[in-house]
Amino acid sequence: MMMLEADAAKVTDALSASIESGMVPSAMKAWHTGGDMFGVVVPVDGLAARLLTFADVGGWGRFVPGGHTAVKIGGEFCINETREFVVEGGIPMPAGSVVFKLLDGGHWDPILIYGRSARATGRRRARQLDTTMPEYDARKPRTVEAWRTVSEKFAEGASGEVHLIGGTGIRPTSIWVTREFEALKNNPAITKIVQVDPASGYTRVIWPE
């Protein structure tokens, strides 16, 4: 899978790389272990780029068609703004392709620039692996931050009327209170936020007040 350079600019660390790529295994591993992140900038002029299909991903359960990466949470897909496409491998690496290391703050440290004789290895296809969001564990800061970030992005990408399923027992330190609610209120595509008490069935509009 490849993404446009403008979208890749949003990647500043292993966590954002995991989210924007749709939780690809290499980014998830770097995030979990604190390992290094590497990327390749490829000039695509003259290459036959196209959208991914189910045939490309080989049954990978975290793929949703449409040309955007996504993160699957609780059976639902959170669609990213990041666009994805594929280019067939087995061809020379285009001249000017740059391999880089991702540094703190999203800076790119160029390591290698390909010339015309360099050849690509492997096929540029999504791999048949299943990666999932880590189970929420309040004792693990990395896990908490991952859920906070993904939940916030989910809210930023929502539209229309949103329903919050929860009664009066919502913790003030919950991700809903600290991230999602504000993100939804700041999202111009949201028209209304309705709270639904699953025990009584009572509903009330909590935004706009």
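I began with Asp56, which is buried at a relative accessible area of 6%, and I kept in mind that the model I was reading is predicted. The side chain of Asp56 meets that of Arg50 in a salt bridge, 2.7 Å from N to O; Arg50, for its part, is partly exposed, with a relative accessible area of 31%.

I next went through the other salt bridges, of which I have seven in the count. Arg83 pairs with Asp7, and their closest N and O atoms are 3.0 Å apart. This pair links distant parts of the chain, with Arg83 in strand 4 (residues 76-85) and Asp7 in helix 1 (residues 5-8), 76 residues apart. I noted that Arg83 is partly exposed at 36% relative accessibility, whereas Asp7 is buried at 6%.

I also looked up Glu145, whose side chain forms a salt bridge with that of Arg179 (3.5 Å, N to O). Because Glu145 lies in helix 5 and Arg179 in helix 6 (residues 175-185), the pair ties together parts that are 34 residues apart in sequence. Shared partners join Glu145, Glu152 and Arg179 into one network of salt bridges.

Last, I turned to the nonpolar side chains. The largest nonpolar core holds 24 residues, and those with the most contacts inside it are Ile19, Met23, Trp31, Met37, Val71 and Val150. I found that helix 2 (14-20), helix 3 (25-33), strand 3 (68-73) and helix 5 (141-156) each give two or more residues to this core. Another core, of ten residues, lies apart from it and includes Leu164, Phe181, Ile193 and Ile206.

Note on methods. Residues are numbered from 1 along each chain as its sequence is written. This is a predicted model: local features need pLDDT of at least 70, side-chain atom pairs count only at pLDDT 80 or more; totals for chains, interfaces and linings use all residues. Side-chain values use heavy atoms; hydrogens and water are left out. A nonpolar core is a set of buried Ala, Val, Leu, Ile, Met, Phe, Trp, Tyr and Cys residues joined through side-chain atoms within 4.5 Å. Buried means under 20% relative accessible area, exposed over 50%, partly exposed in between (1.4 Å probe, protein chains only). Helices (H or I, at least four residues) and strands (E, at least two) are DSSP runs, numbered from the N terminus. A salt bridge is a side-chain nitrogen of Lys or Arg within 4 Å of a carboxyl oxygen of Asp or Glu.
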